Amino acid sequence: MGDFSPISGFAGGLLIGLAVALMLLLNGRVAGISGIVGGLLTLRTRDTLWRAAFVAGLVLGALGYLSAADVPVRVLAPLPAILVGGLLVGFGTRLGSGCTSGHGLCGMARLSRRSVVATATFFGVAMLTVFLTRHVF
Amino acid sequence: MASNVFRAAAALASGLVFGLGLAVSGMMDPARVIGFLDVAGDWDPTLAFVMGGALLVAVPAYRFIPRRGRPLLEEEFSLPEKKAIDTPLVGGSALFGVGWGLVGFCPGPAIAALGTGFVPVFAFVAAMLAGMALHARLGGS
């Protein structure tokens, strides 16, 4: 457990929760990232500005911390796996109506049955995928 | 028009806090996320603490804020209303799980990590956007 860091994890989690609360209180929306980004790909002008602003904030907020602290970003998968994985994450999150933020966080917080099923599915399948790629093949 | 600008400013603020939180949490690091998913290996439970911290704020937020009747900058709440546990929900989540397990990136951390300038991050986000566009092209909502 060399990487285990419960305190920074918990502190980051509180901030993520605060971001979710802000989105709900101000704009009345779920802070689901695959939905916000996916909505940018289909042109609906009324929503484009706030969606783009959220994505810009996401990059800039992380960049602010990256420039101040040492944040490891270790992408260890080979390029073909990165491309296949990216395609599956993009297509799958849109087909399944959400990702870790929309289902795993907002949906669980709303006690949505759909989100509980989705979250159990993607966590379970991801764990199985890691098991197969790391310990079997 | 002005209200659109306020809504965008609110979304920017939420995005900034979200991005900062992802960076602080360590979840922008795919190797660490895979460390959580690898239950048979050298298991790193940090992700559970991130989820715990986030839910500690999000659960009361979703319990109390909707009682206001309307959000501050919109006429009404726009929350998902679907109830059915259907094939797209489970199938899509399973496909997402395979991709997440292969790379260790889900959408938020991948986009937040663009600021590193790392080529593999850009490759992942480009493929992810292509997957999303493919879904839209096939008539998905």
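Trainee: What do the buried residues of α6(B) pack against?

Mentor: Their partners are α2 (33-41) and α4 (79-95) of chain A, together with α4 (87-103) and α5 (107-112) of chain B. Packing here rests on contacts, meaning C-beta atoms, placed from the backbone, within 7 Å of each other. The helices are DSSP runs of H or I with at least four residues, strands being E runs of at least two, and both are numbered from the N terminus. Keep in mind that this is a predicted model, where local features need pLDDT of at least 70, side-chain atom pairs count only at pLDDT 80 or more, and totals for chains, interfaces and linings use all residues. Residues are numbered from 1 along each chain as its sequence is written, while chains are lettered from A and ligands numbered from 1 in the order in which they are written.

Trainee: Thanks! Which residues of α6(B) are buried?

Mentor: B:Pro120, B:Val121, B:Phe124, B:Val125, B:Ala127, B:Met128, B:Gly131, B:Met132 and B:His135. Buried means 20 or more other C-beta atoms within 10 Å of the residue's own, exposed means 12 or fewer, and partly exposed is in between, again with C-beta atoms placed from the backbone.

Trainee: And where do they sit around the helix axis?

Mentor: The buried residues of α6(B) fall within an arc of 165° seen down the axis, so they line one face of the helix. That arc is taken over the directions from the helix axis to the C-beta atoms. On the other side, B:Val119 and B:Arg137 are exposed.

Trainee: How many residues does α6(B) have, and how far does it reach?

Mentor: Helix α6 of chain B (residues 119-137) has 19 residues, and from first C-alpha to last it reaches 27 Å, close to the 27 Å expected at 1.5 Å a residue. The expected span is 1.5 Å times one less than the number of residues. Just after the helix, B:Gly139 takes a positive phi of about 95°.

Trainee: Which residues other than glycine have a positive phi in chain A?

Mentor: A:Ser97 has a phi near 65°, and A:Leu111 has one near 60°. For background, most residues other than glycine have a negative phi.

Trainee: Buried or exposed, those two?

Mentor: A:Ser97, in the loop between α4 and α5 of chain A, is buried because it has 25 other C-beta atoms within 10 Å.

Trainee: Switching to the interface: how many residues does each chain put into the contact?

Mentor: Chain A gives 100 residues and chain B gives 109. On the chain A side, α1, α2, α3 (45-68), α4, α5 (100-109) and α6 (113-136) each supply at least two residues. The largest share, 21 residues, comes from α1(A). By class, that side of chain A has 64 nonpolar, 28 polar and eight charged residues. The classes are Ala, Val, Leu, Ile, Met, Phe, Trp, Tyr, Cys and Pro as nonpolar, Asp, Glu, Lys and Arg as charged, and the others, Gly among them, as polar.

Trainee: What about B:Ala40, which residues does it touch beyond its sequence neighbours?

Mentor: Leaving aside neighbours within four places in sequence, B:Ala40 is in contact with A:Phe131 and A:His135. B:Ala40 sits in the loop between α2 (30-37) and α3 (46-64) of chain B, and it counts as exposed because it has 11 C-beta neighbours inside 10 Å.

Trainee: How many residues are in the largest nonpolar core?

Mentor: That core has 94 residues, and those with the most contacts inside it are A:Ala19, A:Val20, A:Ala62, B:Ala23 and B:Ala58. Helix α1 (residues 6-27) of chain A gives the largest share, twelve residues. A core is a set of buried Ala, Val, Leu, Ile, Met, Phe, Trp, Tyr and Cys residues joined through C-beta atoms within 7 Å. Beyond four places in sequence, A:Ala19 is in contact with A:Ala31, B:Ser14, B:Val17, B:Phe18 and B:Gly21.

Trainee: And the chains overall: how many helices and strands?

Mentor: Chain B has six helices and zero strands, and chain A has six helices and zero strands. Buried residues make up 60% of the 137 in chain A and 54% of the 141 in chain B.

Trainee: Last one: what are the confidence scores?

Mentor: The model scores ipTM 0.96 and pTM 0.97. Chain B averages a pLDDT of 96, with 98% of its residues scoring at least 70. pLDDT is the predictor's confidence in each residue, from 0 to 100.

Terms used
Contact = placed C-beta atoms within 7 Å.
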